[in-house]
Amino acid sequence: MIENRPLLTIFSHLMLILGVVMIAFPIWITFVAATHTDIRMTQIPLPLLPGGHFFENLDLALNKGLSGQSGQGVTRMLWNSLVMAMMISVGKIAISLLSAFAVVYFRFPFRMFFFWMIFITLMLPVEVRILPTYEVVANLGMLDTYWGLSIPLIASATATFMFRQVFLTIPDELLEAARIDGASPMRFFWDILIPMSRTNIAALFVILFIYGWNQYLWPLLITSDNDMYTVVMGIKQMLEAAEQAPEWNVIMMTALLAMIPPVCVVVFMQTLFVKGLTETEK
Amino acid sequence: MARVVLENVRKTYPNGFKAIHGVDVAIEEGEFLVLVGPSGCGKSTLLRMIAGLESVTEGSVSIGERQVNDLEPSERDIAMVFQNYALYPHMSVYKNMAYGLKIMGLPKEEIDQRVKKAADILELTEEQLTRKPKQLSGGQRQRVAMGRAIVREPSVFLFDEPLSNLDAKLRVQMRLEIKQLQSELGITSVYVTHDQVEAMTLGHRLMVLNAGYVEQLGTPIELYQRPASLFVAGFIGSPSMNFANAKIDAEGKNVTISGQAALPLGNGGMPNHASKDVTLGIRPEHLELARDEAGAVPLIASMIEHLGADTLIHGHFGESKSRLTVRIEGIQYINPGDVLPIRVSPDHLHLFDPATEKRLED
Amino acid sequence: MLKNVHFGPSVLPFLLVAPQIIVTIIFFIWPAGQALYQSLLIQDAFGLKTEFVWLENFGILFSEEQYRNSFGRTVVFSSLVAILSMSFALILAVLADRVIKGAGTYRTFLIWPYAVAPVTAGALWVFMFDPTLGIVTYGLSAMGYDWNHKLNGGEAMALVVMAAAWKQVAYNFLFFLAGLQSIPKSLIEAAAIDGAGPVRRFRDIIFPLLSPTTFFLLVINIVYAFFDTFGIVHVMTAGGPAGATNILVYKVFSDGFVGLDLGGSAAQSVILMIIVIGLTVVQFKYVEKKVAY
C-alpha cells in the first residue's frame, strides 16, 4: 500500500539499523577482543576495532587455554559440546517421531495416559528438578559421560507435540492408500510420514542443536572431569580463574568459538528455523 | 455523489511490468460502472488506483472537481468493499461500521443515527450489531462490509469482487440487492468482477479490460450487440459466441465458411472488404432450426446438452473443422449424428479482422 | 486428536512410545516425585537422620526473609526482562514489517542472539561492563558515572536484566514479525480508507490483533526469565553482590548444591514447579479460546 510518507520510511530504516547495531554490538566487541594481544586487552580504553592477532588467539584458545592453567585448550570442550548437541537433537527427534506416530495413529489402551505423561514434561524444565535428577543419574553411574549429558534432556515434549501437529494435518487418504498397497505401519512411517515431515525435522534440528549446545546448568552439575566439560562451561571457568588479570583475548576467543557453530546454523538455515519455531510453539 | 474522471491513466511497476496502458473514462454522477475482465487484466489495479492504494504512474484521476493522484485514501471521500470484506475481527459489527465515522470526529448521536439507518437498509438486526464478524454468515458479513461503506456517505463507492466468496445462489440474490441499493442511494460506483453475468446485470456501463488494455467501454446492450473485438465478443454472453474462419466473396455480399454455402450479409453487405479473410462470429442463440432446407446450412450434431429451458447442440458444418454450438428453446429430441438444417440470420453476423482481432465495419 | 483412520491395538504402539515414556519416567517423573517427597523432609547433609515434616519446609521458606526477598527479586527481574525485551522487539518488528524490502536482511542480523548461550551472553555483557576494563564502563566514566556492579547491587541487577533482555529480543522479534505479517493486508487498507493514520492503525487494529502473540510471548518470556537465566546469573554475578541478583532458580542451585540444604532446595524446586505448571496451564487455556478469525 502506498503512503506518501517517505520520511517515515527513512526513519524506519534508521531505527532498524540502530537496532541492529545495538544488538550486534556485544558480538562485535567480542570479535574485536579476540583479535588483540593480552597486553593490549589490559589497557584502557579497550579497542573498538579489530587487531591482527586472530589466529594467535585461536591457537591459544584451542590448545593452551589460559596461561597458568593446566595448559589445556578448549578443543576437547568444543568436541564435547558438539557430541552433546548432536546426541540431544538426533535423540530427541527420533523418540519424538516414534511417540507422536504412536499417539496419533494407533488406538491402544493407556493412549491418553501416555499422552498426558508426555505433556507434563513440558512443564518441568531441568532447572526445576536438578537435585533429584542428579541423584538418579549418579545412581545409574552416568556422571561424566556423554549419555549422562544428553539422555535426561531428550524426553521433553515440544518435539513430540510438533510432530503430532504435523501428523494430524496429513490427509487420511494417504494411510488408506498405503494400507491398500499392503504397507505395514512401520513402512508407512518410514516411507511416507518421515519424508513428508522433512522440513519440520530440519527446523527442529536447528532449534534442538542450539538448545543442546547452549546447555549450561546440567553439564555443570554432572561433570567434574575436565575432559567432559562443554565449551560454555569453559567460558565460565576462564572467567573464574581470571580474577586477577583476566586474559580477555583468550576468553573472548573462546566465547567466539562457543558462539560460532550455533550462530552459523541459525543464519544458514534461517527460513527453515523461523518456520519451525513459529509453528512449534503455537 | 461525484464524477470520476480518468485521463490517460497508466501504471508501470518498478520492475518494468506495464499493468495499465492508458485508460480514459468519465464516470457520471450516480453511474454504476463495472470493470470486467479475466484474472490479471488489471481491473483490481485500476480500482485500487482510484482508491489510492496503488500509485498512478502517469495520467490523472479526479473525483469531483479535484485531482486526487497525490491524496491519501482517507482524503478522497471514498468507501470500499473488499473481496474478503476486511471486517475488523476484534470489533463488533456496530463498531466496525462506526470506526470511520469515529475517526472523522462525528458526534456520537450522529454516528448512532447513521449506523442504525444503514443497518435498516441492509436488514441487519439490532442483535447482529452487537456480534463479532466471525459469528455471522458470509452473506451477513458482506452486508456489514457494505454497511461500513454506506455510513460514510462518500462521493464514490468502490467494490472489489465483493460477491466472489459467496455461493452461487446467494450471489444472485446479493447482486440484485446491490443493484437496488445503488439505485436508491444514487452514489457513483465502480465495481470490479470477473463474472460477465454479474457485470451485465449491474452496470450502467461496462469497461472490458484485457492485459491492461481497454477492449471496449459501453452499455451492456452495446457490448452484446456490437462487440468491438474478438475478445469482447467471446467474453460477453454465455454460452460464448461461435467463431469460424470465413471469406467474403468478390462483391462483398456474402461470406463463406470454408466448404459451405455462402451466407448473405445484411445491411448492404461489405463492399469495402471484398475477398477478405475474416473471422466470423455468431451467437448460439442466433442460430435457428430451419423449417425447410432452402437457404439452410446442414449441421452435423455430435453432442447434446439438455438444460430443460434450452437445448444446446454441439456440432460442425459439414467438412468444416469449426465446432459450433446452437441454442434452441425448449426440449429437443436430437441424437448425435443427426443432420440439422440451420438458418443463419444475416443481421446477427459479426465479422472480425483475423490479424487485429477488431470488428470490421463498412 | 486421534486420526479417524488408524491402526488397531497391538504391541507396536507400546514399543514406539516406550523410549520416550521410559526416559520420561526415569528422568522426569521419578525425580519430580523425589523432589516432592524430599520437600516434605528435613535431612541433614550426610543423610543420617531424616524427619518427615509435612509442609514445614515450605513454612520455613516463606518465613525466611532471604527467600521472600529472592522471590520478590525474581518477580521484579522477570517483569523487567519481559517488558524490556518485548517492547524493544515489538518496535523493531513493526519497523521491519513496514519496510517491505530489507525485512529479510534485518531479520538475519537480529536473530543472532537467539543462538548465543545465556552463559556466553552473560560473559559478553560482563566484559563490556567490567569495572576496570569494560568499554561501556569507560564510556560511562567519560560522562562522569562510575560503574561497578561488583559493589553496587542495583547495577548488578541492571546488568543481568540487560543481558537477559538482549538475548530474548531475537526470539520475540521473530514472533512479533510473524504475527504482524499474518494480519491481512486488506484490514490495514480498510482502516486507511476509514481515515486512520499509521499510529491510529497500530493502536486500534494491529495491536489488538497481535494480542494472542503478545500474550504467548509474555508467558514465554516470564518462564525464560525464571528459568533460563541461571547461566547468566552464574557467570556474571554468582548471585551477588550480597545476594542482589540471587533469583529463585539460582537459589535452588546454591542452596542445594553448594549449601547442601536438600529439603529446602527441594521445597524451592516444588514451588518453582507449581509456578511453571500454573503459567503453562494459563497459556494453554488462553490459546484454546484464542481470537480466531
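In this predicted model, the contact between chain A and chain C draws 83 residues from chain A and 83 residues from chain C. On the side of chain A that touches chain C, helix α1 (residues 6–33) of chain A gives the most, with 15 residues. By residue class, that side of chain A is made up of 62 nonpolar, 14 polar and seven charged residues.

One helix pair gives a detailed view of how the two chains meet. Helix α1 of chain A packs against helix α6 (residues 118–128) of chain C at an angle of about 75°, and the two axes lie 10 Å apart. Because angles from 65 to 115 degrees count as roughly perpendicular, α1(A) is described as roughly perpendicular to α6(C). From α1(A), the residues that make this contact are A:Pro26, A:Ile29, A:Thr30 and A:Ala33, and they meet C:Leu124, C:Trp125, C:Phe127 and C:Met128 of α6(C). Taken by class, the residues of this helix contact are seven nonpolar and one polar, with no charged residue among them.

When contacts in chain C between residues at least 6 apart in sequence are considered, 67% of them join residues at least 24 apart.

How confident is the predictor in chain A, and what is the mean pLDDT of that chain? The mean is 81, and 91% of the residues of chain A reach 70 or more. Among the elements of this chain, helix α3 (residues 75–105) has the highest mean pLDDT, at 89, whereas helix α14 (residues 270–280) has the lowest, at 72.

If its neighbours within four places in sequence are left aside, A:Thr199 is in contact with A:Leu272 and A:Lys275. Although A:Thr199 and A:Lys275 are 76 residues apart along the chain, their C-alpha atoms are separated by 8.9 Å.

Chain B contains nine helices and 20 strands. Its C-alpha atoms fill a box of roughly 75 × 45 × 35 Å along the principal axes, and 37% of its 362 residues count as buried. Of the contacts in chain B with a separation of 6 or more, 64% are between residues 24 or more positions apart.

Within chain B, an open sheet of five strands runs in the order β15-β19-β16-β17-β18, with antiparallel pairing. At its edges are β15 (287–289) and β18 (323–329) of chain B, each of which pairs on one side only, and the twist from one strand to the next averages 50°. Inside this order, strand β16 (residues 297–306) and strand β19 (residues 339–344) of chain B pair in the antiparallel sense over four bridges, and B:Val297 stands opposite B:Ile342 in β19(B).

Terms used. Residues numbered from 1 in each chain as written. Chains lettered and ligands numbered in written order. Predicted model: local features only at pLDDT ≥ 70, side-chain atom pairs only at ≥ 80, totals over all residues. Contact = placed C-beta atoms within 7 Å. Nonpolar A, V, L, I, M, F, W, Y, C, P; charged D, E, K, R; others polar. Buried ≥ 20, exposed ≤ 12 C-beta atoms within 10 Å, placed from the backbone. pLDDT = per-residue confidence, 0-100. Axes fitted to C-alpha atoms, helices over the stretch in contact; angles between N-to-C directions. Parallel < 35°, antiparallel > 145°, perpendicular 65-115°, else oblique. Pairing = 2+ DSSP bridges.
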